[in-house]
Amino acid sequence: MKKILVRSGMSPLDTFSADEIIKRNSIGNNVGNLIYAYSIFRNLTTDDVELVSDYYGQNPNNADMINEKYDAYVFPLANAIRKSFIPTLNRYTALIEKLTIPVYVIGLGMQFSYEPNISERRSYDGDVKRFVKAVLEKSNMLGLRGQITSDYLSHLGFKEGRDHQVIGCPSMYTFGNNIKIRELKLNDSSSISVNMTPTADQRVLKFLNDLSPKYNNLNFVPQDMDELLLTYAGAPLLGPSVNSELENYPNSLHSHIFKNGKVKYFLNAPTWIEYMKTIDLSIGTRLHGNVVATLAGTPSITIPIDARMRELSEYHNFPRVTEEEISENTHLEELVEKVDFHSVEKSHQKNYDNFISFLAKNGIDHIYDKNAEGVKHPLEVQLESIQLQQPIGPITACPLDEMRKRLEKGYQLMLTKAEKTNKNFTKKIHEKNIMISSLKNDVRRLNAKIKNIENSRSWKITKPLRSFTTKISRPDS
């Protein structure tokens, strides 16, 4: 039995509760990460291959253990090319450089502005180049999420088609080439799933937030970690969502959506997908919020807000509208008329074939080689014996006993989070002080050099002057 290590916060077979997920950060700050990890586990688990989560381990000192226990290491990455992720990327690079087993990157992407300048020099270009080189020493090519990422790696000197190939997001191939979108007949009683991003344009947030009073059968599906803490324990948001200007974002228990209990936070991929099968329409600015809908056959409208979403929505041909197409007077019915809900179906077979060809180029086994049509896949069989955690609603909609339990656990979680935040701040302050001290020493050394140069120049000038003066005062007889 082969064993493959997978970069993920949890395995689909794990049944962590909400408080455990918060404590362990098993979703990597965004529950959307569970979707593409689920796809990798489902598609690469065969009768003779077992996949194991690394629980986001990134210690280069574990290289010997990994080489000994595992036959390969799979990295399903999202928007890893971004400044805040570079320290983590560097740790993975150091680990990969020590590995002797194959390493496969499936789904690497970037996080740039909507219209990025690919040739712009970025402070982390060297870090990305080192990571890509380390991976290419362990596999044939990297799988990328979209063309913008491909253009960026080409700019860094890596060749498209040889070193990297655009495959989209692996989450889209969770069920192979099987995507069939249902028809939509929108009315006041339609069940609607809304997803939002705090950084979206205010007009977009207002439009999405205002759908709640108009459609009684609407639920908000948040994805961020701080939103899980808010939903679970009523904790105030500490991230960008707390910005006072975001009055149109459901960032507290006082918002219309939370007060009316119209919130569902999912703790695993299968229950999220099953829920989406009961929904008539999904709309919003979250990519994986709409990927889940697509996998469930539910019509969706994606509103891309950056290059990360743009390259994926373009590659997979998601039904989409731009932020500019939404104004104060926009009605949902207008957007429904604008998009072709079946557009994603039209390019999926080609994208799926391309994905399978990428796996073949790297020699990666998958279920579509091993299992006959109609036979349950190994991961599905394993999931049948497991009781998965159901989605949670806001604490204000809980029975009293459940509310008390959440408050007690939530207090401990918030206390731990505050201690960790304080520790991180203290560490950063210490690092800054060391940097300031080093800079002060550099300034002192430079000042000393400047003074030596000035003294040297002064001596070179004054010596001939003294000689000349002596000759004048004592002329030859």
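## Glu120 and its partner

Glu120 is partly exposed, at a relative accessible area of 40%; buried here means under 20%, exposed over 50% and partly exposed in between, with a 1.4 Å probe and protein chains only. Its side chain meets that of Arg122 in a salt bridge, at 3.8 Å from N to O. The term covers a side-chain nitrogen of Lys or Arg within 4 Å of a carboxyl oxygen of Asp or Glu. Arg122, by contrast, is buried, with a relative accessible area of 10%.

A word on the source: this is a predicted model, where local features need pLDDT of at least 70 and side-chain atom pairs count only at pLDDT 80 or more, while totals for chains, interfaces and linings use all residues. Residues are numbered from 1 along each chain as its sequence is written, and side-chain values use heavy atoms, leaving out hydrogens and water.

## Other salt bridges

Searching the whole structure gives 20 salt bridges. One of them joins Glu325 to Lys338, with the closest N and O atoms 3.2 Å apart. Glu325 sits in the loop between helix H13 (307-315) and H14, and Lys338 in helix H14, so this pair ties together parts 13 residues apart in sequence. Helices are DSSP runs of H or I with at least four residues, and strands are runs of E with at least two, numbered from the N terminus. Glu325 is partly exposed, at 32% relative accessibility.

Asp340 and Lys346 also pair through their side chains, at 2.6 Å from N to O. Here Asp340 is partly exposed at 31%, while Lys346 is exposed at 63%. Elsewhere, a network of salt bridges links Glu115, Arg310 and Glu314.

Let's turn to helix H15 (residues 343-361), where Asn354 is found. Asn354 is partly exposed, with a relative accessible area of 22%. Beyond its neighbours within four places in sequence, Asn354 is in contact (heavy atoms within 4.5 Å) with Gln165, Val166, Ile167 and Tyr315. Gln165 is 189 residues away from Asn354 along the chain, yet their C-alpha atoms are separated by 9.1 Å.

## The chain as a whole

The chain has 18 helices and 10 strands. Of its 477 residues, 52% are buried. Among contacts with a separation of 6 or more, 77% come from residues 24 or more positions apart.
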